[in-house]
Amino acid sequence: MKLDQQHLVVVGGSTGIGFATARLALAEGASGVTLIGRSADKLATAKERLADDRVSTGVADVSDAAALSAAFAPLTSIDHVYVSAGTLSAGPIAVTEPAVYAQGVNERIWGNLNVVRVAVPKLKPSGSITFTSGMLSQRPSAGTAITTMLASGVEGLVRALPFEIAPIRVNAVVPGMVDTPLIRSLVGDNTDAALAAEGKRVPIGRAGTAEEVADAVLFLITNKYINGESLYLHGGGRYA
Ligand SMILES: NC(=O)c1ccc[n+]([C@@H]2O[C@H](COP(=O)([O-])OP(=O)(O)OC[C@H]3O[C@@H](n4cnc5c(N)ncnc54)[C@H](OP(=O)(O)O)[C@@H]3O)[C@@H](O)[C@H]2O)c1
């Protein structure tokens with residue numbers, strides 16, 4: 001039981017990678033898992049699916065500092081925080097409305113800083129924060145500059161933050177294409193074909209699963225010497 005007697009907060013825990021991480025943490029003996037997200041309905045569904053009285057929930061948008069602080073308020077002591085919250089809506093800069101890319105900045109830059117501010121006073125010295133970036137930080141293409149910038153910002157934060165909040169550790173998981181509700185909502189009816197095409201591009205021959213990314217998050221949470229690191233999960237596609 002790798003998380004025996006430890007409490008994990010998953011900011012963005014109602015679906016996808018965050019949900020898979022919550023489920024894995026419970027299987028690994030966590031004493032409590034708190035799921036935070038914007039939609040109370042999605043959180044209620046997640047709690048129902050997990051069917052475990054160690055699960056609590058809080059409604060907050062990560063970009064809303066006051067709401068996030070209120071969601072953390074019932075928690076007195078935390079072992080680990082995993083931040084999975086984020087949407088993907090930006091396109092080419094020239095045709096993307098400022099309000100759209102502002103949402104990305106609010107979630108992935110200010111949102112992550114909000115998490116640091118509310119979580120650090122409650123985190124044990126042996127604890128950790130794990131953020132989520134994305135492989136666009138390493139493999140940009142036309143129309144991805146905004147997302148690439150935001151993902152790179154997350155990885156920059158991870159390199160510097162350990163110096164500010166030591167001995168609390170800070171890392172990031174960096175997924176390639178992973179089969180989750182987010183990807184399915186973006187790709188729509190062609191999801192299976194898009195995932196299959198991505199799978200063909202990478203040496204491993206398929207897209208990733210939320211459970212595989214959750215497994216990497218658990219490693220970053222439990223290995224006591226990994227710090228300031230971004231862990232890339234792309235099925236070998238980083239150099240494809
Ligand atoms: N799936 C991929 O292929 C892939 C690849 C690279 C990076 N990523 C990144 O991995 C993270 C998780 O993605 P996923 O695929 O698991 O997506 P997902 O299934 O949509 O899960 C996202 C979770 O975060 C919550 N959330 C979204 N925006 C939020 C906000 N502003 N404040 C608080 N909670 C928020 C969602 O619930 P609510 O909607 O109710 O808030 C949900 O619980 C995202 O940051 C995504 O960009 C994913």
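A residue is called buried here when its relative accessible area is under 20%, exposed when that area is over 50%, and partly exposed in between, with a 1.4 Å probe and protein chains only. The model is predicted, and local features need pLDDT of at least 70, side-chain atom pairs count only at pLDDT 80 or more, and totals for chains, interfaces and linings use all residues. Residues are numbered from 1 along each chain as its sequence is written, and side-chain values use heavy atoms, with hydrogens and water left out.

**The sheet and strand β6**

Helices (H or I, at least four residues) and strands (E, at least two) are taken as DSSP runs and numbered from the N terminus. Strand β6, which spans residues 169–175, is mostly covered, since seven of its seven residues are buried. R169, N171, V173 and P175 point one way from β6, while V170, A172 and V174 point the other way, and all of them are buried.

Strands of a sheet pair through backbone hydrogen bonds, in either a parallel or an antiparallel sense. Two strands are said to pair if DSSP finds at least two bridges between them. On this basis seven strands form an open sheet in the order β3-β2-β1-β4-β5-β6-β9, with parallel pairing. Its edge strands are β3 (55–59) and β9, each of which pairs on one side only. Neighbouring strands of the sheet are turned by 20° against each other on average, direction ignored. Helix α8 (residues 210–222) packs on the sheet and touches β1 (7–11), β4 (78–83), β5, β6 and β9, and its direction makes about 165° with that of β6. For such values, axes are lines fitted to C-alpha atoms, for helices over the stretch in contact, and angles run from 0 to 180 degrees between N-to-C directions.

| Strand pair | Sense | Bridges |
|---|---|---|
| β5 (residues 123–132) and β6 | parallel | five |
| β6 and β9 (residues 229–233) | parallel | five |
| β2 (residues 32–37) and β3 | parallel | five |

Within β6, N171 is the bridge partner of T130, and in β9 the bridge partner of N171 is E229.

**Helices α4 and α5**

Two packed helices are described by the angle between their axes and the distance between the axes. Helix α4 (residues 98–119) and helix α5 (residues 145–165) pack at an angle of about 10°, with their axes 9 Å apart. The two helices α4 and α5 are therefore roughly parallel to each other, a term that covers angles under 35 degrees, whereas those over 145 count as roughly antiparallel, 65 to 115 as roughly perpendicular and the rest as oblique. The contact (heavy atoms within 4.5 Å) is made by Y101, G104, V105, R108, I109, N112, L113 and V116 of α4 and by I146, L150, G153, V154, L157 and L161 of α5.

N112, which is found in helix α4, is buried, with a relative accessible area of 4%. Leaving aside neighbours within four places in sequence, N112 is in contact with V83, E107, F131, V154 and L157.

**The loop residue L136**

L136 is found in the loop between β5 and α5 and is partly exposed, with a relative accessible area of 28%. Leaving aside neighbours within four places in sequence, L136 is in contact with T144, T147 and T148. The C-alpha atoms of L136 and N171 are separated by 17 Å, and these residues lie 35 residues apart along the chain.
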